[in-house]
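Trainee: I would like to go through the labels in this model one by one. Please set each value against its cut-off.

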Amino acid sequence: MAKKDVQVVIKLEKVIKRLGFGVPLLLEGKASKAVPYTECSDIDEVKALYAEGTATYKAAELIFRQEEPPDKIAVCSSTDKVVTALDGLMNKGWRQLLVMSEGTSDESTMKEIADYLEVRKDKMYFANVDDLSDLSGITPKDYEHTVAFYYIGEVTCPAAALVGATAGKDVGSFTYKNQILLGIDPLDISDTELTAIHAAGAITFVEKAGDNVTSEGKTLGGEYIDVVDSKDWLIQQIEYKVQKTFNNMDKVSYDDNGINILDAVVVTVLKEGFDNGMIAVDDEGLPTYYTDFAKRSETDKADRVVRRYIGGSFGFDLAGAIHEAKITGYINI
């Protein structure tokens, strides 16, 4: 046979994964066997810890099935209730909590889990809800870090699809409303039913313009989830990078030079937030963030004595997102 001039090689590539903001945690409480907190980069690593038929495996599979899944997830099983297990997990790098044992006997209730995390303000709880009466004993406004995902169907942990579709994206670059999810079917519900779901503080999954998408993007407390993400991300990044500055420098002097270093760190974080779409632009297309750091001469002597600087502040206009539109047309005759 003559030598071929053309060779075709096909390689099967995996779905592109991204780091995003934090790591989704699949936590099972009241388990018969404990599994320590483990971070997994793909479903095969999950399979080494959980059998295919388990809730944790199915939820992980749903996360990794999404178009832009996170770079990794975390799994954990505890023989204790979820709220008790969380005590030893709060210093880990996870962000989004999915509970594999929701509704099982003697397990922490959704309210107990939400109450536990709301006090700490740096983690998000994505709860699965199949009956709106489960939300009747909860005062929605108190739950800024809890998302109630209402869904009826033969899907294990449907909220995992929402987490999988969003956890890998850059904070500020997206909104949780109208997210296309894979692996679950939209609910066939009326406008009246949808209104009731939203009024209860939950969001759900419906069909719009031929696409299967999330119906809304709010927490149980009524705040937009992307706003909560943005706020938490800014706090985390500024705290982390200012601390890193203290760690990496022999001394940050208590003068205008040292103060300018702190100012520059905050500006760097704000610029990144702007680049991600978190911060709005003005009429000239410039970012609307600002910083205001008091000079040494403007600080109090008592603060200088104890080496405490409290004169820094920043602000910005949130870019937000357009979730609805009304467009008027005119026909001339």
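Mentor: Ground rules come before the labels. This is a predicted model, where local features need pLDDT of at least 70, side-chain atom pairs count only at pLDDT 80 or more, and totals for chains, interfaces and linings use all residues. Residues are numbered from 1 along each chain as its sequence is written, and side-chain values use heavy atoms, with hydrogens and water left out.

Trainee: Why is Thr-204 called buried?

Mentor: Buried means under 20% relative accessible area, exposed means over 50%, and partly exposed lies in between (1.4 Å probe, protein chains only). Thr-204 has a relative accessible area of 0%, so it is buried. Its place is the loop between β7 (202–203) and β8 (205–208). Helices (H or I, at least four residues) and strands (E, at least two) are DSSP runs, numbered from the N terminus.

Trainee: What does the side chain of Thr-204 reach?

Mentor: The backbone oxygen of Tyr-150, at 2.7 Å. A polar contact is a pair of N or O atoms within 3.5 Å; within protein, one must be able to donate a hydrogen and the other to accept it, and residues adjacent in sequence count only if both atoms are side-chain atoms. Thr-204 also touches, among others, Phe-149, Leu-187, Ile-197 and Val-213. Contact means heavy atoms within 4.5 Å.

Trainee: What makes a set of residues a nonpolar core?

Mentor: The set holds buried Ala, Val, Leu, Ile, Met, Phe, Trp, Tyr and Cys residues, joined through side-chain atoms within 4.5 Å. The largest such core here has 66 residues, and Leu-97 and Leu-98 have the most contacts inside it. Leu-98 touches residues including Leu-26, Ile-63, Phe-126 and Val-163. Another core, of 15 residues, lies apart from it; Phe-21, Val-171, Ile-238 and Phe-293 are among them.

Trainee: How do you know that Phe-293 is buried?

Mentor: Its relative accessibility is 17%, so Phe-293 counts as buried.

Trainee: How many aromatic pairs does the structure hold?

Mentor: Five. Rings of Phe, Tyr and Trp (its six-membered ring) pair if their centres lie within 6.5 Å; planes under 30 degrees apart count as stacked, over 60 as edge-to-face and the rest as tilted. The ring centres of Phe-149 and Tyr-151 are 6.5 Å apart and their planes lie at 20 degrees, so this pair is stacked. Both Phe-149 and Tyr-151 are buried.

Trainee: Why is the pair of Phe-293 and Tyr-309 called stacked?

Mentor: The centres are 6.2 Å apart and the planes at 10 degrees, so Phe-293 and Tyr-309 are stacked. Phe-293 lies in strand β10 (residues 290–293) and Tyr-309 in the loop between α9 (301–305) and β11 (312–315), so the pair ties together parts 16 residues apart in sequence. Elsewhere, ring pairs link Phe-126, Phe-174 and Tyr-176 into a cluster.

Trainee: What makes a charge sit over a ring?

Mentor: NZ of Lys or CZ of Arg must be within 6 Å of the ring centre and within 35 degrees of the ring normal. Arg-120 lies over the face of Tyr-116, at 3.7 Å from the ring centre. Lys-123 lies over the face of Trp-94, at 4.5 Å.

Trainee: Which residue forms a salt bridge with Arg-95?

Mentor: Asp-232, with the closest N and O atoms 2.9 Å apart. A salt bridge is a side-chain nitrogen of Lys or Arg within 4 Å of a carboxyl oxygen of Asp or Glu. Arg-95 lies in strand β4 and Asp-232 in helix α7 (residues 225–248), so the pair ties together parts 137 residues apart in sequence. Arg-95 has 2% relative accessibility, so it counts as buried. Asp-232, at 7%, also counts as buried.

Methods
Lists of a residue's contacts leave out its neighbours within four places in sequence.
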